[in-house]
Amino acid sequence: MRTIILKSASSYLLPVLLLFSVFILLRGHYLPGGGFVGGLVAAIAFVLDAFSNGLDKTKGILKFHPGFFMPVGLMIAFLSGISPMLLAGLPLMTGIWADNPIPVIGAIGSPLFFDIGVYLVVIGASLTIIFTISESV
Amino acid sequence: MLGAVLLGFLFSLFLVFAGSYFRGKLAVLSSLIPLSLFVYFLTFIPEISSGEVIYESYEWIPSFGVNLSFTLDGLALLFALMITGVGSLVFLYTSAYLKDHKYLDRFYGYLSLFMAAMLGLVLSDNLMSLFIFWELTSISSFYLIGFNNDKADSRKSALVALGITGIGGLLLLGGAVLLGDVVGTYRISEMLSMRDAITDSSNYLLILLLIFGAAFTKSAQFPFHFWLPGAMKAPTPVSTYLHSATMVKAGVYLLFRMTPVLNGGDIWHTVLIVVGAITMIYSAVHIIFRTDLKGILAYSTISALGILVFLIGIGTQAALIAAAVFIVVHALYKASLFLITGIIDHETGTRDVTQLAGLRKVLLPVAIAGFIAALISGGVPPTLGFVGKDLIYESTLHFKNNAVLLTIIAISTNVLLFYAGFVAGVKPFMGKLPKKFEKLHLPSPLMWVPPLIMTIAGLVFGLFPSLIETTFAKPIAMTQAIAFEDFHLKLWHGFNTILGLSAITLVLGVVLYFTLKPSHALENKIAKLDFIAPEVLLLKLSEGFAVFSKYWTNFFQTGYLRHYISIVVAFLILLLGYLIFSDFSLETDFSTLADLTIYEISILLMLLMGVLYTVFTKSRLAAVAALGVVGLSFSLLFLFYSAPDLAMTQFSVDTLTVILFVLVLYKLPKYLNFSNKWLRMKHGVLSVSFGVLITLLILRVLKEPKNTEISEFYAENAYKLAHGKNVVNVILVDFRGIDTMIEISVLIVAALGVFGLLKLRLKTRDKK
Amino acid sequence: MTNDIIILPLVVHLFFSILLMLFWNKVNFQKVVSMVGNAIALCVAIWAFIHVYNNGTQIVESGNWPAPFGIVFVGDMLAVTLVLLTAIAGFAVSVFSTISVIKARLRFGYFSVFHFLLLGLNGAFLTGDIFNLYVWFEIIIISSFVLISIGGEKNQLEGAVKYFALNFFASMIFLTALGVLYGLVGTLNMADISLKIAEVKDTTLVEISAVLFLVGFGIKSAIFPLYFWLPASYHTPPSAVSAIFAGLLTKVGVYALIRVFTLIYGGDSFLTTLLLFLAIMTIFSGGIGAIIQNNIKKVFMYFIICHIGFMIGGLALFTEVAMAGVIFYLIHDIIIKTNLFLISGLIYRIKATTNMKKLGGLYAHYPKLSLLIAIPLFSLVGIPPLSGYWPKISLILASFNAQEYWFFGALIFGSLITLIVIAKLWSEVFWKDQPKINFPKKFIYFDQLRLGQKFTFVFPVAFLTFVTLYIGFGAEHIQQLSQRIAMELMNNELYINAVLKR
């Protein structure tokens, strides 16, 4: 599978796909997209890289084990969920929004952070599963 | 009174922690417990004799109507004194019999537990608390019978006893609940006034059945009697205390106590008389065939219990008084005989009556006690046994139906009981002392004084029956009999029919004793009839049941996953099919559904092809690819139905899944082995039917008008309140954010699981 | 009324799961943190219980969206009671896990997943939204699957596959039922469904959706003929895992059935007859399964099934008295079943086997432990005044009132079988002498442990036994609680009003 074509294609595709996944994540609230799809696209990007350049090189890009993304993502999601309870006395997972939307990204609020958490978890989980399986077979 | 009951429990608990001190010399001190209770109850005699009844009540679980209510009347006092009196003597006896036994403290613990429970039972005024104590006696009996727990037959006897009395307990529970429901309370004293309401209610028969079941199992009536001879595996003090004097009388007590409540006429009389009579005669005859002293005593106990049930069945005041007196008689002589047997066993090492003789030379006081006990058992004047026997004949003779038959049965039983008493109490002491027993000596007085006390009491009460009359007989008759008439207990009633019957009994008894000798030959003869014995039948039944259980369980628990799934699917098909076709109408209103477009049809075809290929292909890789096609078709469907988020997600997940599958398939063989044709057909039929039913279901659901309140709210408010234009995403992260939070946790757990499964492979030998 | 206290258990467990994941490699740290976490969860559960007991049903509208538009968490008496029981059982099992589960398993996220499981259980009890219930079931299934399979031994995996396949199938059926229900009423909030279901004209469809729920939850609750995955899988994981499964996983299914049938489906006669028939078959099938087993764990597994039948039957009778009996029995059963599997783990540690033929001599060598173990054993049987006896009064009374004599017979049968099998177990394991077998040498026996370790083994059992004793002797309190819960269940306007009208 490690053909030259795939190798060169993937070295371009990886950053593009990653950027694309972030794009999907951020636009999720307004147009089709969101944390889940963004995370999946990012995961697919890494998988493509793993196929073309080998698992070890991809792991090197990531610097730490993808499993680490999972608790981090969940922690972000968790914090964004309980922040209304702690900060404003509102029930769990209430959306608290900043007053003015930022250009490009849109409105900033706890659902956005929640989505980011989802994004990280999906990347972490998918990559953990795929990397573990490919290492073991 | 609550304190009296609790004392035993507390002592038992105390022994859990301080038990090791009580195994040796200090063991004797434990008899202080029952002794103090005996004295305590004695103080109530003046009150009770004058006809008073004492009530005490404490709330325990009022929400269930279960309270600790106690009644002390003649009947309760009789039993209480018996329990504590015989108890003290047994406790004393035990301290010598089981001296220095490693589990002596546990033995005393169980014994106290039992005593407390039995006391609670007889003092209970609340039917439910009676049940609680009833069960506790069963449990303590289990532990006591199985005391020699290293012996398999002890364990087995304990199990059988627990099983039989356990069924009885459960029946009692049912009866108590039902009775409580009919009268509105569990308090027996309040039920006394409601007899007619009970006997007229539609549940009367069921209540009777349940209560009878409980009483018959506990008191070893035919055909539930066989656990009692098995219980003889327990140490002698246990046989004495539980299985002759107290626990087995609990069923009799229940019937006695319930007489004014449940006696509704013919059914009550008939059942009890029949069962009692059969038990009496059946076990009395069995006495002849036994050679083990304890076996003889066991069967004579069963017979005595039969007599008691029989008398309660007759139910006239005379019969009830006879029963009350007989309870005292039996306790006194049977307990003594058991203790004596224990002494003989302890000293000679055998209980085989064919080998025992001439022991009066070495165990004289024991012989004296045995002789008196035999006299009491045989009903020889001037013992209380004679008074008791007379009363029995008086009741049978004056009963309205079948007086002659009943009297004949009573006489025959008494003859055999006479025989039993003499075989157990006199024969081992008569005749020539075998050489091997010449070196025996008398054991500690703690062992032979108790039986002596009891037998002498039997003699004294016989000479002065008015003692019994005022303390027990009258108060019992007053509370339990339907109609009370004054009476007197006398030793001598003058020359009448009853005296004649007594004389006949005695003569026949003596003849029997001298003509019939217990022998092993006889024992073997009866063993041939074992195959129709209730015990054997029951054991065969339970073995058969165990075999059936194995078949049933293994039929379902095949170990094959496909069977389990097939059963579930078949079950669903059955239920769904039944419901769907129960009011099925073929007309589906297609007009409300949108028109079918070419896109949908082509996607459907692709889907179908994918599914069929997946199911029928032999190549794993091809199946995975086909599954991918199925997934992608769904993506397209979503796209066409304006759900781009779902389409994108489905598409990505599908891609990743196919990659995953391919990675895994690397390790599996390339081609599948299909199971045989019939199996596949069967599964195919199941699957297709299931699919068809679900389709019909969905079509039917579509006919119902839709409620769009919630979806409209989402559509309207996604931007206004949640700052988002993409409704799907807003639902995911805001409206129903908790779902998403947990779903990502599921993803995490799945990933952890995959990681753990693949990285950690334990070999069975480095297990835990 | 709204009060965040009722979702604090969820917050606690989620927090600790994440925390434990972050300290992946530090097993000893995880042991301590998990016990602390469960202790905190227990305190929070007690607090929530007291609060709801004094102030009535509390709700939390997540996202601040009014019901029925958002997901509502409902802390009624039943929910907080079950949350409290989960916390008690969870605490005991976590302490037991620290000593009984081998290090290798602990290094692969055992405690983290354990907290996820508890999170799922708590969430299932507290949610007021039926799709949310499905989600909580998902996390329960996946967490339990991971716990069953960590270690990867062959028989573990075999059991795990069967467990997973059937429970996953159950989820599928549940989802179908959800779909049908949503198609009928257009809402997912349980209180709202309860109101709207009355307006559906096609009552057969309503029954069909109920049947789908019955089968879906029935698989989880292990009723006949859907329970066969249980004896195939529950004995394979370590005892601590079996304990939490036995105590809580099947009870979640029972809870779901209770909730759905009291809130949404009422006393439909087809359903109650079907349910009663299944209950009787469950008691029968589970009971006779227990008779033929030689392994302690398998005996207890079949008793799980048998006693589920008691509860399902009570539900089928559908009267307030019956429901009180079901709730009381549920309370008793969660504690007892958890304890029994911990006990089997303890016995395993003492003798390296749970096969009754190879065991023996425990009464002689461990008298105080034998006494400790005897209490839950006899409570299981229902010897008064221990906890297993009291609910039978309600169940028997209810069956007489409904004239369901078959069910009464089944109750007697089930109780009798339990009595006989447990007596036999006692006789084999405790009374008879230790038969001469070859004990494995590489095993760390209980006698070889340090005092502190022995204490950690025995403490959870003692703790749960103490709770059992309280339930038995303090039956008055428990019965009052059960009656209150039964009253709330049979009068679902209370629930609906609390959720929808605020």
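In the predicted model described here, I211(B) touches L172(B), G175(B), L254(B), M258(B) and L262(B), leaving aside residues up to four places away in sequence; two residues are in contact if their C-beta atoms, placed from the backbone, lie within 7 Å. Residues are numbered from 1 along each chain as its sequence is written, and chains are lettered from A and ligands numbered from 1 in the order in which they are written. As the model is predicted, local features need pLDDT of at least 70 and side-chain atom pairs count only at pLDDT 80 or more, whereas totals for chains, interfaces and linings use all residues.

I211(B) also belongs to the largest nonpolar core, of 498 residues, where V121(A), I211(B), L308(B), L311(B), A323(B) and V325(B) touch the most other members. Such a core is a set of buried Ala, Val, Leu, Ile, Met, Phe, Trp, Tyr and Cys residues joined through C-beta atoms within 7 Å. A residue is buried if 20 or more other C-beta atoms lie within 10 Å of its own. Helix α16 (residues 317-348) of chain B gives the most to this core, with 22 residues.

Chain B has 32 helices and two strands, where helices (H or I, at least four residues) and strands (E, at least two) are DSSP runs numbered from the N terminus. The radius of gyration of chain B, 38 Å, is well over the 27 Å that the globule rule gives for 768 residues, so chain B is more spread out than a compact globule. This radius is taken over C-alpha atoms, and the rule is 2.2 Å times the number of residues to the power 0.38. Along the principal axes, the C-alpha atoms of chain B fill a box of roughly 115 × 60 × 50 Å. Buried residues make up 49% of the 768 residues in chain B.

Chain B is in contact with both other lettered partners described here. Between chains C and B, 92 residues of chain C are in contact with 80 residues of chain B. Helix α6 (residues 130-149) of chain C provides the largest share of the side of chain C that touches chain B, eleven residues. Between chains B and A, 37 residues of chain B are in contact with 39 residues of chain A. On the side of chain B that touches chain A, α32(B) gives the most, with 13 residues.

Within chain A, the axes of helix α1 (residues 4-27) and helix α2 (residues 35-53) come within 8 Å and cross at roughly 170 degrees. This makes α1(A) roughly antiparallel to α2(A), a term for angles over 145 degrees; axes are lines fitted to C-alpha atoms, for helices over the stretch in contact, and angles run from 0 to 180 degrees between N-to-C directions.

Conventions
Angles under 35 degrees count as roughly parallel, over 145 as roughly antiparallel, 65 to 115 as roughly perpendicular and the rest as oblique. A residue is buried if 20 or more other C-beta atoms lie within 10 Å of its own, exposed if 12 or fewer, and partly exposed in between; C-beta atoms are placed from the backbone.
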